[in-house]
Amino acid sequence: MRYSLLPSIKTSMSDDELSYLDDIGSLEIIARRKRSVHTDRANDLDCMDNVAFRSRYRLNKDTAESLIQMLDDTLPAPSEKNYALSSTETVSIALRYYATGSSQLILGDLAKVSQSSASRGINDISKDLASLRSNYIHLPHTGLELRQVC
């Protein structure tokens with residue numbers, strides 16, 4: 001432990017200084033967090049009806065399922081190691097982030113994952129969606145196309 005010299009030092013310290021050392025020791029214990037693993041993550045596509053899903057994700061369930069299927073090939077295959085997120089869970093976290101703008105910590109809590117896992121998922125899905133932009137976003141290139149769009 002880092003405070004191996006504390007017993008010999010404590011004899012020459014005042015009560016305030018001893019209280020301060022006790023506070024530091026308490027903080028060290030609090031700082032060590034226990035890793036929580038949730039194997040019972042709920043899938044909102046299965047649990048919610050279309051109205052509830054649309055109010056939370058701003059998409060129909062069919063659209064979300066199509067998006068999951070489209071992105072499934074680009075996402076890494078889920079592994080059993082460390083209860084990795086499935087593609088459905090990753091897309092759901094990202095879609096809820098886009099729909100609500102909620103903090104990643106809150107989204108992680110809702111999905112029963114850490115904030116860093118939520119952040120990685122949002123980042124991965126955002127990159128994958130951006131790579132598909134040429135399939136869905138078409139800007140006019142000529143004057144004639146521009147006039148037609150106007």
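I'm working from a predicted model, where local features need pLDDT of at least 70, side-chain atom pairs count only at pLDDT 80 or more, and totals for chains, interfaces and linings use all residues. Numbering starts from 1 along each chain as its sequence is written, and side-chain values use heavy atoms, with hydrogens and water left out.

**H5 and H6.** I looked up helix H5 (residues 61–72) against helix H6 (residues 87–100) and got an angle of about 120°, with the axes 10 Å apart. Helices here are DSSP runs (H or I, at least four residues), numbered from the N terminus. Axes are lines fitted to C-alpha atoms over the stretch in contact, and angles run from 0 to 180 degrees between N-to-C directions. H5 and H6 are therefore oblique to each other; that word covers whatever is left after under 35 degrees (roughly parallel), over 145 (roughly antiparallel) and 65 to 115 (roughly perpendicular).

Who touches whom? I have Ala64, Leu67, Ile68, Leu71 and Asp72 from H5, and Ser87, Thr88, Val91 and Leu95 from H6, with contact meaning heavy atoms within 4.5 Å. By class I get 6 nonpolar, 2 polar and 1 charged. For the classes, Ala, Val, Leu, Ile, Met, Phe, Trp, Tyr, Cys and Pro are nonpolar, Asp, Glu, Lys and Arg are charged, and the others, Gly among them, are polar.

**H7 and H8.** Next I checked H7 against helix H8 (residues 115–131): their axes come within 8 Å and cross at roughly 100°. That makes H7 roughly perpendicular to H8. Gln104, Leu105, Leu107 and Gly108 of H7 meet Gln115, Ala118, Ser119 and Ile122 of H8. This contact splits into 4 nonpolar, 4 polar and no charged residues.

**Second largest pocket.** A pocket is an open set of points on a 1 Å grid over the protein atoms alone, with protein on both sides within 12 Å along at least five of seven lines; lining residues have an atom within 4 Å of a point. I count 14 lining residues, with Ala42, Asp44, Tyr57, Leu110 and Ala111 nearest the centre. H6 and helix H7 (104–111) are the elements that give two or more residues to this lining. H6 gives the most, with 5 residues. The lining divides into 6 nonpolar, 3 polar and 5 charged.

Terms used:
On a 1 Å grid over the protein atoms alone, a cavity is a set of points where a 1.4 Å probe fits but cannot get out, and a pocket is an open set with protein on both sides within 12 Å along at least five of seven lines; lining residues have an atom within 4 Å of a point.
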